[in-house]
Amino acid sequence: MTVLEVIKKSTEFLAGKGVESPRLQAELLLAQVLGVPRMNLYLQFERVLAVEETDALRELVRRRGRREPLQHIVGSTSFCGLELAVNRHVLVPRPETELLAELGWQFLAALNSEHATALDLGTGSGCLAVALAVHCPAARVWASDVSADALAVARTNAARQNVTDRIHFGQGDGFRALPPGTRFDLIASNPPYVPTAEIAALEPEVRDYDPRPALDGGGDGLDFHRRIAAEAAAFLKPGGRLMLEFGDGQSDALRAILEIQKWIVEAVRADYSQRPRILVARAG
Ligand SMILES: C[S@@+](CC[C@H](N)C(=O)[O-])C[C@H]1O[C@@H](n2cnc3c(N)ncnc32)[C@H](O)[C@@H]1O
C-alpha cells in the first residue's frame, strides 16, 4: 500500500472508533513509524510502504482505536515548547496548564531575585516544575507528588531539559512531601479537579488512561484545592503568590474557598477558549 492509501484506511478505522481528528491522528502515527515530520508525508504520498512499516502502523492504529492517547503511544508531548516524556503514570499535560506555567515564570522573573523559589504541588510529568526551571534560570524549584511513578517521569523530564540540578523532588501527600519550614515565592498547582461522579462520562482517552489520582477531585472536584487553601499560606514567603488551575465552572466556588481562608484573590485568568481556569492569590 502507498502512504496515501494507508492514511485513508487508518483514518476510516479511527473515525469508526470515535477518535477525534482521525486523519491528523493517522498521519501522526504514520510519521512516528517512518520517523519523519508529519508534513513530510505530503511529499511521498505515492511511496509504497514496506511490510514491516505497515505492520508497525497497524499495531499503533489498533492501540489508538482502543482510545489510548496519541501521547502515550508516541511516548511524549509538547508543553510550552518543551518535549516531555509521558506515560500511563502521569496526566498528559494540557494546553491550559501552559498558561499557569507562563503566569508562574512571569511572576518569578519579575522578582528579579537570585534566590527565587517555587513549588509545583502534584507535579505529575513535571511539566510545570520543568517549565519554571527552564524559563527562570536562577530559580530553585520543588516538585512534589504522592505518586513515586509520576516522580520518576518528572525526573526524566528534568534531566532531558538539563534542569535536574535546580529541581528538588519530594514524594508525599500534599505539603507533607516538604521539609517543615520550607517557604516559596510561588506555589503553583494543577490539582485533580474532576468531580468523582463525572469521571465515568469523560472521553476514554482521559477516563481510562490518565491516572485516577490525577483526575479525582472528590464530590465537587475541589477537595485538594480546599487542602491547599487551608495549608499553603504557611509555605509562602511574604509577598508570595499561590496560582491554582481549576475546572471549567469552578471559578466562583474556588474563590469562595480561598476567601474563607483569608486569601486575597488577585486575578482569575481565562484559557484560550475564554473560560476562567487559573486563579492567582496572595495571603491576606
Ligand atoms: C491534575 S494532575 C497534574 C499533573 C501536572 N502538574 C500537570 O499539570 O499536568 C494532579 C497531580 O496531583 C497528584 N496528586 C493527587 N493527589 C495528591 C496528593 N494528595 N498529594 C500530592 N500529589 C497528589 C497526582 O498524582 C497528579 O500527578
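Predicted model: local features only at pLDDT ≥ 70, side-chain atom pairs only at ≥ 80, totals over all residues.
Local features require pLDDT of at least 70 and side-chain atom pairs pLDDT 80 or more, whereas totals for chains, interfaces and linings use all residues. Residues are numbered from 1 along each chain as its sequence is written, and side-chain values use heavy atoms, with hydrogens and water left out.

The ligand has 19 residues around it, of which Gly122, Asp145, Asp173, Gly174 and Asn190 come nearest; a residue counts as near if one of its heavy atoms lies within 4 Å. By class, this shell holds nine nonpolar, seven polar and three charged residues, where Asp, Glu, Lys and Arg count as charged, Ala, Val, Leu, Ile, Met, Phe, Trp, Tyr, Cys and Pro as nonpolar, and the others, Gly among them, as polar. Helix H9 (212-215) and helix H10 (223-231) each supply at least two residues of the shell; helices are DSSP runs (H or I) of at least four residues and strands are runs (E) of at least two, numbered from the N terminus.

A polar backbone atom of Gly174 is 2.8 Å from a ligand nitrogen atom, and one of Gly122 is 2.9 Å from a ligand nitrogen atom. Taken alone the ligand exposes 600 Å², and the protein buries 93% of that (Shrake-Rupley method, 1.4 Å probe).

Trp263 stands opposite Ala283 in S9. The two strands form a hairpin with five residues between them, and Gln274 in the turn has a positive phi of about 65°.

Terms used: Polar contact = N/O pair within 3.5 Å; in protein donor to acceptor, adjacent residues only side chain to side chain. Pairing = 2+ DSSP bridges.
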